[in-house]
Amino acid sequence: MKNDIPRHVAIIMDGNGRWATRQGKKRTEGHYAGYKMLKKIALHILKKGVKVLSVFAFSTENFKRSEEEVGYLMNLFTEGFTKDTHYFLENNVRVVFSGRREPLKDKVYNAMMKLQEKTKNCDGGILNICLNYGGQSEMVDTCKKVAELYKEDKISLDEINTETLYKYLYNDLGPVDLMIRTSGECRISNFMLYNIAYAELYFTSTCFPDFDNDEFDKALLDYQNRNITKGGNSKK
Ligand code: IPE
Ligand code: IPE
Ligand code: MG
């Protein structure tokens with residue numbers, strides 16, 4: 001094997017809708033199946049030794065979808081995060097959230113913050129759920145945060161560099177080593193733009209509700225056998 005287990009894995013959990021419609025089900029059933037799969041693979045991935053798993057659950061752009069679909073997803077998040085607090089606690093998973101507060105309803109935001117607070121001392125790996133998240137918005141918010149600190153004399157220009165900037169993102173989780181997108185789409189869709197600078201990209205046609213432990217192991221094996229140079233010389 002050329003590479004160790006990646007420290008940070010990111011997944012664009014795509015294809016829930018197509019997975020459902022192909023079986024004559026409602027798109028919302030695909031979201032439910034996707035959430036169930038996330039709970040399962042998150043444990044598997046963190047048990048493999050991955051320290052941080054970032055998942056794209058809902059983009060700032062996803063608010064363009066129908067009221068019914070957005071409403072269903074918001075309820076799924078609210079109920080899921082509330083009911084599954086024990087699941088994450090028992091499995092020692094620390095859950096954090098990345099994204100903007102507005103325009104999430106209070107009940108959704110409160111469920112997110114409660115889960116984050118209750119699991120804050122878990123040390124069996126971090127699950128970073130990106131919800132109402134956009135990569136460009138994160139950069140804008142980061143610029144504003146840094147500008148504010150500079151204005152208040154709390155940071156000097158010398159302190160701002162490519163390493164320290166991670167501290168001012170939504171969560172300080174470091175670079176992504178492996179980025180996976182399910183469902184056959186080959187684009188980034190505004191996900192973790194700063195962190196993925198040198199991520200290895202893995203695209204699979206499998207839709208997210210079918211992306212199980214074995215599918216992840218395939219992606220992992222592919223990653224571990226890649227020639228990762230990050231601008232240096234090839235190891236071959
Ligand atoms: C990803 O699946 C989940 C969210 C974006 C919330 P999609 O809902 O995008 O599924 P497809 O791409 O329409 O199949
Ligand atoms: C990206 O998927 C967002 C999530 C997986 C939550 P989309 O289905 O929204 O992205 P596009 O529209 O195909 O780029
Ligand atoms: Mg999609």
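**Reading burial, helices and ligands**

Author: Start with one residue. S59 is buried, with a relative accessible area of 7%. Keep in mind that this is a predicted model.

Reader: What makes a residue with a relative accessible area of 7% count as buried?

Author: Buried means under 20% relative accessible area. The value for S59 is 7%, so S59 is buried.

Reader: Where is S59 found, and which residues does S59 touch?

Author: S59 is found in strand β2, residues 52-59. Leaving aside residues up to four places away in sequence, S59 touches N132 and Y133.

Reader: Which residues of α5 are buried?

Author: They are V108, A111, M112 and L115. These residues cover an arc of only 100° around the axis, so they are on the same side of α5.

Reader: Which exposed residues does the face turned away from the buried side of α5 carry?

Author: That face carries K114 and K118. Exposed means over 50% relative accessible area.

Reader: What covers the buried residues of α5?

Author: The cover includes two helices, α3 (67-83) and α4 (85-90). It also includes β3 (94-98) and β4 (126-133).

Reader: On to the ligands. Which residues come nearest to ligand 1?

Author: There are 13 residues around ligand 1, and D14, G17, R18, R27 and R65 come nearest. Next, look at the atoms. A backbone N or O atom of G17 is 2.9 Å from a ligand 1 oxygen. For R18, a backbone N or O atom lies at 2.7 Å from an oxygen atom of ligand 1. R65 uses its side chain: an N or O atom there is 2.7 Å from an oxygen atom of ligand 1. Taken alone, ligand 1 exposes 380 Å², and the protein buries 87% of that.

Reader: Which residues are around ligand 2?

Author: Among them are D14, F56, N62, R65, R187 and S189. Look for polar side-chain atoms again. That of S189 lies 2.6 Å from an oxygen atom of ligand 2. One from R187 lies 2.8 Å from a ligand 2 oxygen, and one from D14 lies 3.2 Å from a ligand 2 oxygen. On its own, ligand 2 has 390 Å² of accessible area, and the protein covers 76% of it.

Notes: Residues are numbered from 1 along each chain as its sequence is written. Chains are lettered from A and ligands numbered from 1 in the order in which they are written. This is a predicted model: local features need pLDDT of at least 70, side-chain atom pairs count only at pLDDT 80 or more; totals for chains, interfaces and linings use all residues. Side-chain values use heavy atoms; hydrogens and water are left out. Buried means under 20% relative accessible area, exposed over 50%, partly exposed in between (1.4 Å probe, protein chains only). Helices (H or I, at least four residues) and strands (E, at least two) are DSSP runs, numbered from the N terminus. The arc is that of the directions from the helix axis to the C-beta atoms. Contact means heavy atoms within 4.5 Å. A residue is near a molecule or strand if one of its heavy atoms lies within 4 Å of it. A polar contact is a pair of N or O atoms within 3.5 Å; within protein, one must be able to donate a hydrogen and the other to accept it, and residues adjacent in sequence count only if both atoms are side-chain atoms. Accessible areas come from the Shrake-Rupley method with a 1.4 Å probe; for residues, only the protein chains shown count as cover.
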